[in-house]
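My entries follow in the order I made them.

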Amino acid sequence: MQRILALDEPEERVEPETASARPEEDFELVVGKRQIAALTFLALVVVALCSGGSYLAGKAGSPREEPSQPLIRLEEAPSQPQPILEATIVPPAAAPIIPSAPTAPPPVTPEAPLFGSPVPKAIYIQVGAVEKGVAVVIAEGLRKHDLKSFVASGPNDKIFRVLIGPFADAEAYQSAQRVVNEIGLASFARRYQQQ
């Protein structure tokens, strides 16, 4: 057998006449672990390149779908204006109105209860509907501005309303509303019905 690489053996001089006289021998190709690993790695690189190329070719050749824009529909305003609700001030049942009494709201005493129930059919300014702790803080802050505020129950057990009032007349309501606006709180008038 012939060797392909003969590094350790000294070269033999072959004479031309003996080389032609010798029959050709079969030779073996020996592949080691390193060569198998290199061939496997080369095959994986070729497969990865082919896969990536076919992905990019498919992506470039596929039709692009534009994302649909959400439809925005504008509703036309009703042709007739909505009727404006008029509020009338109803004095609270517990405190009768004396015509000669001054229209300024009475000063709030510190002994006034912080929690209460609104008087039916009376007008209040609602400042917020929040959790109990926040409602207490807001009501106490409003009391520091000489507003008759209190905390009432809300639509469920976790929400409480912060109310100012009830008001004896329109002037008292407007005066309280002016103070609330100066503070910068959002508010609205509300009439409570019997429950």
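**Entry 1: strand 3 and its partners**

I started with Val130, whose bridge partner in strand 3 is Phe160. Helices (H or I, at least four residues) and strands (E, at least two) are DSSP runs, numbered from the N terminus. The model is a predicted one: local features need pLDDT of at least 70, side-chain atom pairs count only at pLDDT 80 or more, and totals for chains, interfaces and linings use all residues. Residues are numbered from 1 along each chain as its sequence is written, and side-chain values use heavy atoms, with hydrogens and water left out.

Next I looked up the pairing of strand 1 with strand 3. They run antiparallel and are joined by five bridges. I note the rule: two strands pair if DSSP finds at least two bridges between them. Strand 2 also pairs with strand 3, again antiparallel, over five bridges. Here Ser153 has Phe160 as its bridge partner, and Ala152 has Arg161. Strand 2 and strand 3 form a hairpin, with six residues between them.

**Entry 2: cover on the strands**

How many residues of strand 3 are buried? I find five of its five, so I call the strand mostly covered because buried means under 20% relative accessible area (exposed is over 50%, partly exposed in between; 1.4 Å probe, protein chains only). Both faces are covered. Phe160, Val162 and Ile164 are buried on one side, Arg161 and Leu163 on the other. Strand 2 is mostly covered too, with four of its five residues buried.

**Entry 3: helix 3**

I checked the length of helix 3 (residues 132-143). Its 12 residues should span 16 Å at 1.5 Å a residue, and the end C-alpha atoms are 17 Å apart, which agrees. The expected span is 1.5 Å times one less than the number of residues.

Which residues of helix 3 are buried? I list Ala135, Val136, Ala139, Leu142 and Arg143. They cover an arc of only 130° around the axis, so they sit on the same side of helix 3. The arc is taken over the directions from the helix axis to the C-beta atoms. These buried residues pack against strand 1 (123-130), strand 2 (149-153), strand 3 (160-164) and helix 4 (170-183). Contact means heavy atoms within 4.5 Å.

I then picked out Ala135, which is in helix 3. Ala135 is buried, with a relative accessible area of 0%. Leaving out residues up to four places away in sequence, Ala135 touches Val130, Val151, Phe160 and Val162. Ala135 and Arg161 are 26 residues apart in sequence, yet 6.8 Å apart in space, C-alpha to C-alpha.

**Entry 4: nonpolar cores**

I looked up the cores next. A nonpolar core is a set of buried Ala, Val, Leu, Ile, Met, Phe, Trp, Tyr and Cys residues joined through side-chain atoms within 4.5 Å. The largest has 16 residues, of which Ile125, Val127, Leu142, Leu147, Val162, Ile164 and Phe167 touch the most other members. Strand 1, helix 3, strand 3 and helix 4 each give two or more residues to this core. Helix 3 has the largest share, four residues. Another core, of five residues, lies apart from it; among them are Ala122, Phe150, Ala152 and Leu163. In soluble globular proteins, nonpolar side chains tend to be buried together.

**Entry 5: aromatic pairs**

I count three aromatic pairs. Rings of Phe, Tyr and Trp (its six-membered ring) pair if their centres lie within 6.5 Å; planes under 30 degrees apart count as stacked, over 60 as edge-to-face and the rest as tilted. Phe115 and Phe160 form an edge-to-face pair, 6.5 Å centre to centre, with 75° between the planes. This pair links distant parts of the chain: Phe115 is in the loop between helix 2 (33-61) and strand 1, Phe160 in strand 3, 45 residues apart. Phe115 is partly exposed at 39% relative accessibility. Phe160 is buried at 16%. Phe167 and Tyr173 are also edge-to-face, 5.6 Å centre to centre and 80° between the planes. Phe167 is buried, with a relative accessible area of 7%.

**Entry 6: Gln177**

Last, I looked at Gln177 in helix 4. Is Gln177 buried or exposed? At 16% relative accessibility, Gln177 counts as buried. Gln177 touches Ile125 and Ser187, not counting residues up to four places away in sequence.
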